[in-house]
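Subject: A structure for you to look at

Hi there,

Here is the structure I promised to pass on.

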Amino acid sequence: QVQLVESGGGLVQPGGSLRLSCAASGSIFSINAMGWYRQAPGKQRELVATISSDGSTNYADSVKGRFTISRDNAKNTVYLQMNSLKPEDTAVYYCKLEVRRSALTWYNNYWGQGTQVTVSS
């Protein structure tokens, strides 16, 4: 089994910062891409940022220049540094990891449980 544990969400004022973490544990052979997604009330889940195994990154236009995704392969952890937060960033944030559990299997997607980020004065 693979478990993902997210942390770092909370309530922050507009213009503030938060750092999300997502740590994977369990039966892990390797991790390919890692990513963050978010879902606001009444809206579909959307991509926020992804980072590949070689460190290349991709961001939604709405967060470019404000959010930074990074990964620590030794800790099987992905981070999302969020700066200059806006009320429209309010959502539940989910991490997704492409995990290979053994040399005999291929990659499967695993999702975190979600962490609430609320940007409000």
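Let me start with a question: leaving aside its neighbours within four places in sequence, which residues is Gly15 in contact with? With those neighbours set aside, Gly15 is in contact with Ser84 and Leu85. You will find Gly15 in the loop between strand 2 (10-12) and strand 3. Along the sequence, Gly15 and Leu85 are separated by 70 residues, yet their C-alpha atoms are 4.9 Å apart in space. Please keep in mind that this is a predicted model.

Next, the open sheet of 4 strands, which has the order 1-3-8-7 and antiparallel pairing. Strand 1 and strand 7 stand at its edges with a single partner strand each, so one side of each has no neighbour in the sheet. From one strand to the next, the twist averages 15 degrees.

If you want to trace the pairing residue by residue, begin with strand 1 (residues 2-7) and strand 3 (residues 18-26), an antiparallel pair held over 6 bridges. Here Val2 has Gly26 of strand 3 as its bridge partner, and Val5 has Ala23 of strand 3. Strand 3 is also joined by 6 bridges to strand 8 (residues 77-82), and these two run antiparallel. In that pairing, Arg19 has Gln81 in strand 8 as its bridge partner.

**The salt bridges**

The side chain of Asp89 meets that of Arg38 in a salt bridge, at 3.0 Å from N to O. Are Asp89 and Arg38 buried or exposed? Asp89 is buried, and Arg38 is buried too.

Asp89 also forms a salt bridge with Arg66, with an N to O distance of 2.7 Å. This is again a link between distant parts of the chain: Arg66 lies in the loop between strand 6 (57-59) and strand 7 (67-72), Asp89 lies in the loop between strand 8 and strand 9, and the two are 23 residues apart. Arg66 and Asp89 are both buried. A network of salt bridges links Arg38, Glu46, Arg66 and Asp89.

Elsewhere, the side chains of Lys64 and Asp61 meet in a salt bridge at 3.1 Å, N to O. Why does Asp61 count as exposed? Its relative accessibility is 65%, and the cut-off for exposed is over 50%.

**The core**

Finally, the largest nonpolar core has 30 residues, and those touching the most other members are Trp36, Val78, Leu80, Met82, Tyr93 and Leu97. At least two residues of this core come from each of strand 1, strand 3, strand 4, strand 5 (46-51), strand 7, strand 8, strand 9 and strand 11 (115-119). Strand 9 supplies the largest share, 5 residues.

Leaving aside its neighbours within four places in sequence, Leu97 is in contact with several residues, including Leu4, Cys22, Ala24, Ile31, Ala33, Met34 and Val78. Among its other contacts beyond those neighbours are Asn76, Asn108, Asn109 and Tyr110.

Best wishes

Note on methods. Residues numbered from 1 in each chain as written. Predicted model: local features only at pLDDT ≥ 70, side-chain atom pairs only at ≥ 80, totals over all residues. Heavy atoms only, no water. Pairing = 2+ DSSP bridges. Salt bridge = Lys/Arg side-chain N within 4 Å of Asp/Glu carboxyl O. Buried < 20%, exposed > 50% of the residue type's maximum accessible area, 1.4 Å probe, protein only. Contact = heavy atoms within 4.5 Å. Core = buried A, V, L, I, M, F, W, Y, C linked by side-chain atoms within 4.5 Å. Axes fitted to C-alpha atoms, helices over the stretch in contact; angles between N-to-C directions.
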